[in-house]
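Here are my notes on this one, point by point. Have the structure open while you read.

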Amino acid sequence: MIDTTYIPKATRGDIKRFAFHYWSGDGMWRGVVAFALLGISVGVDIFILYFPAGWWIESVNLTHRPMAVCMLS
Amino acid sequence: MAFSALMAIQVTHSWCWAAAFWYWNKFAVRVLYRILTDAMYKAQRFSTDWHVNSFAGATVRKITRGMWSFDMFEDTIFMGFFPSAIIGIGMVVMLIIQVPIVGWFALPVVVTFVAVSIFLAVKIARPKFQKSAEQDTLVGATLADIMTAISTVKSFAGERREDAHFGGVAGEWRKRAEDAWLTMVVIDFLRTHIRIALMTGMLLLVIWLWYKGEATPGDVTLSITAFFIIGGYLRDIGRQTTELMKAASEISDVVGFWMREDDILDAPDAVPLKIAMGQKGAAITFDQVGFRYKQGDRPIYQSLSVDIKAGEKVALVGASGSGKSTFVKLIQRLYDIQSGEIRIDGLNIATVTQESLRQAIALVPQDPVLFHRSLAENIAYGKPDTTIDQVRGAAREAYAAEFIEGLSLGYQTLVGERGVKLSGGERQRVAIARALLADCPILILDEATSSLDSVSEYYIQKALERLMEGRTTITIAHRLATIQKADRILVFDRGAIVEQGTHTELLANPDSIYRRLYDIQALDLVH
């Protein structure tokens, strides 16, 4: 007989399945676009701003170097 | 040139950031809406047994807490973990390319920190937050229970007792919440020191490289900047891991709702119940029905068989617990039977859709519960596409129009939670009007006139006689005086029909249970 008052105890796997169930579907593209845009936004900081930072700082003469570091920060 | 490039990068960053959040909010709100409506859908379809054994307040708390916790869960991933992971990985990769020794030192440092954070959150924080969430549910349930019975609390001056009772439940929650939150502080403290140790190591390494002439001033500046950025994000990742575990603990209940299968399912090939046209009511057959409640210690019915003809007026009589109420619950298929069949007009009710089955049955319960909506909406509940004139007509027939039309807002009056603004008799008349309007072939009256005063009862009995015309009627009777006109009276005793016949026939047998019950009630009236 079915236990009519029972609510299953959710494991971490169940919570993951639950999350993916609700994230997938018709409106999923909005989530994907949001992640992509956020990735670009954060990536811009890392790969464009900080990557050449070392070279840039070295290319600035010593007088201006503190200012360059401040700008980076 | 460099300044222009920096500004351009900053603008690109801001535009992408704003657009990302624009799309994310649209996505997240839609997800929360689906969780909320699905949880409501599931909860409505859980069995009557489930609802009887659950606090309504706890169910509400679980659904709303689950929804907002999922909001926190996905926001933590989107706004916390995802950017932190990109920055963490990006900075380490950049260091590996620019200053390899420092980069290769930073990689295990970051991995170790993240692994320790996850371990602490999963193994230590999560169980504590789970316990706190369970008690939080109990707090909501207790609060709802007290508020629902507030009239009883007041009439017995029970405020102090309820304060103490609630204080105990809330006190336990405080203990558990405090334990969970303080654990979070300790974990954060541990993580901070691990992070400081790791960052100090990295810093010393780069200074040592510079001192030995193996790192340029640019490398040092870059490394120090990267350390601060990595350090900041590591701190965030630590907190986010705990937040994520806290949210996951609080989602558990709503995930349980989602996983739980409905108790009463329509058969895959279920068809709508069709009652033969032109027929008065519908025939009901119990064919060797065996049934027991999940939590019952004995079966209610072993092998119950009875035929009720279309249009027949049947009354069910018997002591409490004899199986009268279960009989009408099974006709509505609020529970599934374990053996035998219940048929309506020859169709096994397990093979028809539950919606069509319940649309064929109107119920006037002993203590009707109304929605906190207008009287017109409550009366029209069984037939939502009805006109206000039909609502008025039903109210007149049920003798409800007198009190409704005396109210300043008339049919638009809101009745309060569960209909609390109306008296028992008024609620009963609204329920009768609702049944009249629903116009179903099967009518179930659970001692429908029990809450009425003598004068109202007289008129309501007349209205009910009209309502019963052309319908199969089953009345659960407690007062035998109200069922003397029934075509047949079924006397229940310990889950079996032990006697049946008309009032006169049953009364004629001096040894019958019915006769004994009748005499007891007659004696009560005399005294």
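1. Where does B:Gln288 lie? B:Gln288 sits in strand β1 (residues 284–291) of chain B, with a positive phi near 50° despite being a residue other than glycine. B:Tyr399 is not a glycine either and has a positive phi of about 60°; look for B:Tyr399 in the loop between α11 (388–397) and α12 (401–405) of chain B. Helices (H or I, at least four residues) and strands (E, at least two) are DSSP runs, numbered from the N terminus.

2. A word on the ground rules. This is a predicted model, with local features needing pLDDT of at least 70 and side-chain atom pairs counting only at pLDDT 80 or more, while totals for chains, interfaces and linings use all residues. Residues are numbered from 1 along each chain as its sequence is written, chains are lettered from A and ligands numbered from 1 in the order in which they are written, and side-chain values use heavy atoms, leaving out hydrogens and water.

3. Now the sheet in chain B. Six strands form an open sheet in the order β6-β7-β8-β3-β9-β10, with mixed pairing (two strands pair if DSSP finds at least two bridges between them). Strands β6 (361–364) and β10 (496–501) of chain B are at the edges with a single partner strand each, so one side of each has no neighbour in the sheet. Strand β9 (residues 488–493) of chain B pairs with β10(B) in the antiparallel sense over 5 bridges, and B:Ile489 stands opposite B:Gly501 in β10(B).

4. Next, what lies on that sheet. Helix α8 (residues 324–331) of chain B lies across β3 (313–318), β6, β7 (442–446), β8 (472–476) and β9 of chain B, running at about 145° to β8(B). Axes are lines fitted to C-alpha atoms, for helices over the stretch in contact (heavy atoms within 4.5 Å), and angles run from 0 to 180 degrees between N-to-C directions. Helix α13 (residues 424–438) of chain B also packs on the sheet, touching β6 and β7 of chain B.

5. Finally, the interface. Chain A puts 53 residues in contact with 66 residues of chain B. Together they bury about 5,600 Å², 75% of it on carbon and sulfur atoms (accessible area, 1.4 Å probe, that the two parts lose on being put together, summed over both). The rule finds 1 salt bridge across this interface (a side-chain nitrogen of Lys or Arg within 4 Å of a carboxyl oxygen of Asp or Glu). A:Lys9 forms a salt bridge with B:Glu134, the closest N and O atoms being 3.1 Å apart.
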